[in-house]
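User: I would like to go through the packing in this model with you. Could we begin with a pair of helices and then turn to a sheet?

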Amino acid sequence: MVKINLDNVKLYAELDDKPQFSPSKTTIKDILTKEALEFVVLLHRTFNGKRKELLENRNLKQKKLDDGSYTFDSLPDFEQIRNDPTWQGAIPAPGLINRSSEITGPPQRNMLVNALNAEVTTYMTDFEDSSSPTWFNMIYGQVNLFDAIRNQIDFTTPRKDYKLKGDIKDLPTLIVRPRGWHMEEKHLYVDDEPISASIFDFGLYFFHNAKELIKVGKGPYFYLPKMEDHLEVRLWNDIFCVAQDFIGMPRGTIRATILIETLPAAFQMEEFIYEIRQHSSGLNCGRWDYIFSTIKKLRNKPEHVLPDRDLVTMTSPFMDAYVKKLINTCHRRGVHAMGGMAAQIPIKDDPKANETALNKVRMDKIREMTNGHDGSWVAHPALAPICNEVFSIMGTANQIYKIPDVHVRTADLLNTKIEGAKVTVDGIRQNLDIGLQYMEAWLRGSGCVPINHLMEDAATAEVSRCQLYQWVTHGVKLADTEGTVTPELTTKILDEQVAILSSKSPVGDKNKFALAAKYFLPEIRGEKFSDFLTTLLYDEVITPTATPIDCSKL
């Protein structure tokens, strides 16, 4: 056994329990055990150098993309692998054969119960885009998952009893999404640097629950977000191998679905599956992040300016091409091709509007199923019956056997021309409204926010931010008034929206709209461009203790 020391490992966080709801049998100290910390520290020390190198590679590629010396194209080193029809990803694992309906949401205790009780096949519980990474959100997410897997998550509030409707083995299969490679967990320092948030989230969940999940007939399953290069996938695969070896679990027990939600990833889908083929459970169309990434990567190229966000749909040429390439690639390699998020939520006080919203969901899911997806995402339990009904038409647990005859070219993936494209003042106002509302809620600890009857997460807020930056940078002409998009115009509307939203805030003068606007302003004036909102705002939600805990003395 490898000897792991915790010298120079410091925890800047509280270990006293402060549960969001009723007290759990499980405590923070049950999660942050000496053995669990040794495991995540081993992973961090082994792999964090490579993680940082790969993140720097992203910056280098962006510079080359901006100056025209980098083009999106197939990797020549993989030509032989791409042309070899014989290799396949892993066969579907127990609990992952039928994934026709997947619900997503943060690992809050009440949401875990509601999602596990939903009429879905799988549940992606999310430490990433639908979670604000406060210390207590992240650590109680681990507590809540620990309890759910052991059938001890039931609890009572003054308003409601929360109780699983059955044993965890008979409920939707859990799939955990850790935070992306770009994020850190600043409450735990290893050798004078914050630990990788990806390794922190993955490591604690895997260490405590992998063997327990096997006992209930499933396994440790993951969604992997925001990767841009096959080497980033290879890093995850290496971590999986070391993690399984460490606890004596056969390699290949872990399964991971990769979200194709960055523009560079769309050009390496086959490479992504190959790098993780022993652990692969497919690819997913992370549609909102993909739109965000497309704007982000092409933001300095005026020929790729996108119009008002309502006009950017799944039938837009670059989105349609990406979907069809993903399905073809996955099915040729024998793995699931998962559809994207239906962000609509029920509208309780307006039956007509609710019917319209639900019909949008139905048409979206019909499009996905017809294209060849094996399942899709919903944001609310009430949408699950629609998803189930549509995908039942397949007649089988999945349609991996069906390989669409499509040929997607580089030009198709970069075709951002949209019929009827226009940018309007209303579009500016909508982006500012959504961005401000989401950022303000995130700063108060909520990463999953209903806005205008849609469930917004970090990805949709990113679309708003990037569009505003792009429109200002290129001085886009407005379609509904004279003039162009200028820093002065976006600033004026931002101030108006802050005043309106602050006056209506349910938390009164405790709202954080002014703070959100402080961070938003230079982005929407085109003065700076941050890689991610979540890293831009992160220091505002961390609560490091003044005196660290020396983990070697635990």
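User: How are α15 and α17 oriented to each other, and why?

Analyst: This is a predicted model. The axes of α15 (residues 425-443) and α17 (residues 487-504) cross at roughly 50°. Angles of 65 to 115 degrees would count as roughly perpendicular and those under 35 as roughly parallel, so α15 and α17 are oblique to each other. Their axes come within 10 Å.

User: And which hand does the crossing of α15 and α17 have?

Analyst: The crossing of α15 and α17 is right-handed.

User: Which residues make that contact?

Analyst: From α15, they include Ile428, Leu432 and Leu436; from α17, Ile493, Leu494 and Leu501 are among them. Arg429 and Asp433 of α15 also take part, as does Glu496 of α17. By class, the contact has 9 nonpolar, 3 polar and 3 charged residues.

User: Now the sheet. What is the strand order?

Analyst: The order is β8-β7-β1-β16, in an open sheet of 4 strands with antiparallel pairing. β8 (193-196) and β16 (549-550) each have a single partner strand, so one side of each has no neighbour in the sheet.

User: How many bridges join β1 to β7?

Analyst: There are 3 bridges between β1 (residues 9-11) and β7 (residues 184-190). In one of the pairings, valine 9 has valine 190 of β7 as its bridge partner.

User: Which helices pack on the sheet?

Analyst: Helix α2 (residues 34-67) touches β1, β7 and β8, and its direction makes about 100° with that of β8. Helix α6 (residues 197-215) touches β7 and β8, with about 50° between its direction and that of β8.

Conventions. Residues are numbered from 1 along each chain as its sequence is written. This is a predicted model: local features need pLDDT of at least 70, side-chain atom pairs count only at pLDDT 80 or more; totals for chains, interfaces and linings use all residues. Side-chain values use heavy atoms; hydrogens and water are left out. Axes are lines fitted to C-alpha atoms, for helices over the stretch in contact, and angles run from 0 to 180 degrees between N-to-C directions. Helices (H or I, at least four residues) and strands (E, at least two) are DSSP runs, numbered from the N terminus. Angles under 35 degrees count as roughly parallel, over 145 as roughly antiparallel, 65 to 115 as roughly perpendicular and the rest as oblique. A crossing is left-handed if the near helix is turned anticlockwise from the far one by less than a right angle, and right-handed if clockwise. Contact means heavy atoms within 4.5 Å. Ala, Val, Leu, Ile, Met, Phe, Trp, Tyr, Cys and Pro count as nonpolar, Asp, Glu, Lys and Arg as charged, and the others, Gly among them, as polar. Two strands pair if DSSP finds at least two bridges between them.
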